[in-house]
Amino acid sequence: MNKDLTVSSSPHMLNKLTVPGVMWGVAISLVPVVISSVIFFNILAIRLMLTCVLSCVISEAAIQKLRGKKIAIKDGSAVVTGLLLAMVLPPALPVWTAVIGSIVAIGLGKQLFGGLGYNIFNPALLGRAFLMAAFPTLLTKWTSPFTLDAVTQATPLGLMKFSQIKTPYMDLFLGNTAGSLGETAALAILIGGGYLFIKRYAGWRIPLSFIVTASILGGALHAVNPSVFPNAAFHLLSGGLLLGAIFMATDPVTSPVTKKGRWIFGIGCGILVIVIRSWSGLPEGVMYSILLMNGITPLVNRYTKPRRFGAKR
Amino acid sequence: MRTFYGDFIKGIWRENPVFVILLGMCPALAVTTKAIFGLSMGCAVIFVLTSSSLIVSLFRKFIPTQVRIATYTMIIATFVTIADYFLKARFPAISKALGPYVPLIVVNCIILGRAEAFASKHTPVRAVCDALGMGLGFTLALVILASVRELFGSGSIFGVQLLGAWHRPWVIMILPAGAFITLGLLVGIFNLFKRKG
């Protein structure tokens with residue numbers, strides 16, 4: 001057959017972005033967060049990250065082999081899932097728990113739906129949600145930074161919600177607090193996020209609308225009742241809001257493809273986070289807010305489909 | 001003889017009410033936190049299904065078509081009441097654990113479905129064979145589902161501790177979410193076997 005006359009389906013215009021390129025790019029953008037987590041949690045951080053990445057890659061390969069598909073662990077998506085999962089888990093989590101979480105993330109979260117590009121929910125967050133429901137006590141055991149023995153300490157959000165204790169902003173910004181492995185250091189997340197946006201591996205609409213909505217809503221609540229609700233800066237710097245907004249909510253598979261849809265997605269996440277943080281029994285709500293918005297992404301895509309040129313409304 | 005056997009066996013494997021027809025999901029998901037609850041629920045359903053299928057089949061010529069569903073429901077409700085009171089009197093603990101799901105057998109789609117699709121069109125003996133097969137299939141599915149959930153959620157099956165102290169209970173398996181995940185995976189495995197066999 002003449003190669004010049006091949007008829008293929010769209011897209012016809014290609015650019016340099018490929019799936020492995022984007023995935024490894026995301027992995028590189030996580031380097032500052034990885035470094036900061038190793039500084040604060042030392043050997044615990046290395047152990048958790050190695051466990052998650054290795055078990056994600058192995059389960060991806062094993063399930064692809066079982067399904068009779070080509071083994072595509074070189075595209076880096078399993079590595080990114082493993083790294084992101086490690087980032088949202090408590091540093092002192094036992095190894096076997098992290099392995100279960102990784103198997104669920106890849107197996108139930110991704111391969112069950114048909115593999116990369118078909119999953120409805122963010123695999124790393126699904127793995128964490130499963131662990132959260134299966135082992136709630138292990139998932140709420142936090143380690144204070146710079147201590148290798150499991151000295152438990154509440155997260156800044158927990159301290160604020162249950163004891164009305166405020167953590168200094170500088171600690172929140174640099175990451176010198178208890179919390180999930182990668183969520184504590186706002187500075188490192190912002191550096192990684194900057195790389196992500198400069199390289200155009202992730203869109204800016206979702207993080208921007210997510211963060212702005214959460215700040216406005218959080219600030220308004222603080223203005224109404226400062227003694228109960230923390231201010232906007234605290235909301236932004238504490239918990240997993242920045243990590244979630246920049247690395248989780250921007251997952252190209254599970255977030256809307258249209259521009260309007262991305263605004264809706266970010267605003268919805270922002271509202272849900274503040275609602276969960278302010279009125280639910282949980283101190284943190286980033287995971288559930290993103291998973292819930294993942295769930296309505298197909299609907300958002302359908303209703304924000306752009307009008308074709310010349311088509312009537 | 002062959003037809004009777006065929007009527008009986010199809011409910012266990014080829015047309016398993018839970019794994020293939022996906023009927024009776026409400027009790028299958030709600031009461032299967034422990035294997036013993038799954039078994040009790042299954043036995044209650046076997047009793048109600050067999051008795052009501054027999055009666056429906058016996059009276060199939062006399063039940064007017066226009067009011068047949070109401071009549072079936074009345075017949076089923078009678079046997080459900082018997083089963084419910086029997087459990088309450090003899091096994092109060094299990095009756096309490098099963099909660100409203102025993103009275104809810106009245107609206108169980110398997111029973112109404114068998115009455116409408118099979119018992120009202122076939123002879124009493126065939127109807128009973130079909131009901132026993134469907135009931136056993138339902139019980140089998142519930143016991144498998146409940147055993148998996150109990151094993152992961154409490155480390156035991158039928159109250160016999162199988163996993164040692166090293167096992168940390170998976171709380172999610174006792175929760176409704178665990179029921180949906182387990183059922184989904186079991187239906188998947190079932191389909192895999194069916195496709196191969």
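User: What order do the elements of chain A run in, from the N terminus on?
Analyst: In this predicted model, the elements of chain A read α-α-α-α-α-α-α-α-α-α-α-α-α-α from the N terminus on.

User: And how many helices and strands does the secondary structure of chain A come to?
Analyst: Chain A has 14 helices and zero strands.

User: What is the radius of gyration of chain A against that of a compact globule?
Analyst: For 313 residues, a compact globule would come out near 20 Å, and chain A has 20 Å, so the two agree.

User: What does the C-alpha trace of chain A span along its principal axes?
Analyst: The spans are about 70 × 50 × 35 Å.

User: How much of chain A is buried?
Analyst: Buried residues account for 48% of the 313 residues in chain A.

User: Which share of the chain A contacts joins residues at least 24 apart?
Analyst: That share is 72%, taken among contacts between residues at least 6 apart in sequence.

User: Take a single residue. Where is I100(A)?
Analyst: I100(A) sits in helix 4 of chain A, which covers residues 95–107.

User: Why is I100(A) called partly exposed?
Analyst: I100(A) has 17 other C-beta atoms within 10 Å.

User: How far apart are I100(A) and C52(A)?
Analyst: In sequence, I100(A) and C52(A) are 48 residues apart; in space, they are 9.3 Å apart, C-alpha to C-alpha.

User: Switching to chain B. At what angle do helix 7 and helix 9 of chain B pack?
Analyst: Helix 7 (residues 124–154) and helix 9 (residues 176–196) of chain B pack at about 125°, and their axes are 10 Å apart.

User: Why do helix 7 and helix 9 of chain B count as oblique?
Analyst: The angle is about 125°. Roughly perpendicular ends at 115 degrees and roughly antiparallel starts over 145, so helix 7 and helix 9 of chain B are oblique to each other.

User: Is the crossing of helix 7 and helix 9 of chain B left-handed or right-handed?
Analyst: Helix 7 of chain B passes helix 9 of chain B in a right-handed crossing.

User: Which residues make that contact?
Analyst: From helix 7 of chain B, I144(B), L145(B), V148(B), R149(B) and G153(B). Helix 9 of chain B contributes G178(B), A179(B), T182(B), L183(B) and L186(B).

User: How does that contact divide by class?
Analyst: The contact of helix 7 with helix 9 of chain B has six nonpolar, three polar and one charged residues.

User: Last topic, the contact between the chains. How many residues come from chain B and from chain A?
Analyst: Six residues come from chain B and five residues from chain A. On the side of chain B that touches chain A, five are nonpolar, none polar and one charged.

Note on methods. Residues numbered from 1 in each chain as written. Chains lettered and ligands numbered in written order. Predicted model: local features only at pLDDT ≥ 70, side-chain atom pairs only at ≥ 80, totals over all residues. Contact = placed C-beta atoms within 7 Å. Nonpolar A, V, L, I, M, F, W, Y, C, P; charged D, E, K, R; others polar. Axes fitted to C-alpha atoms, helices over the stretch in contact; angles between N-to-C directions. Helix = DSSP H or I, 4+ residues; strand = E, 2+ residues; numbered from the N terminus. Parallel < 35°, antiparallel > 145°, perpendicular 65-115°, else oblique. Left-handed = near helix turned anticlockwise from the far one by under 90°. Buried ≥ 20, exposed ≤ 12 C-beta atoms within 10 Å, placed from the backbone. Rg over C-alpha atoms; globule rule 2.2 N^0.38 Å.
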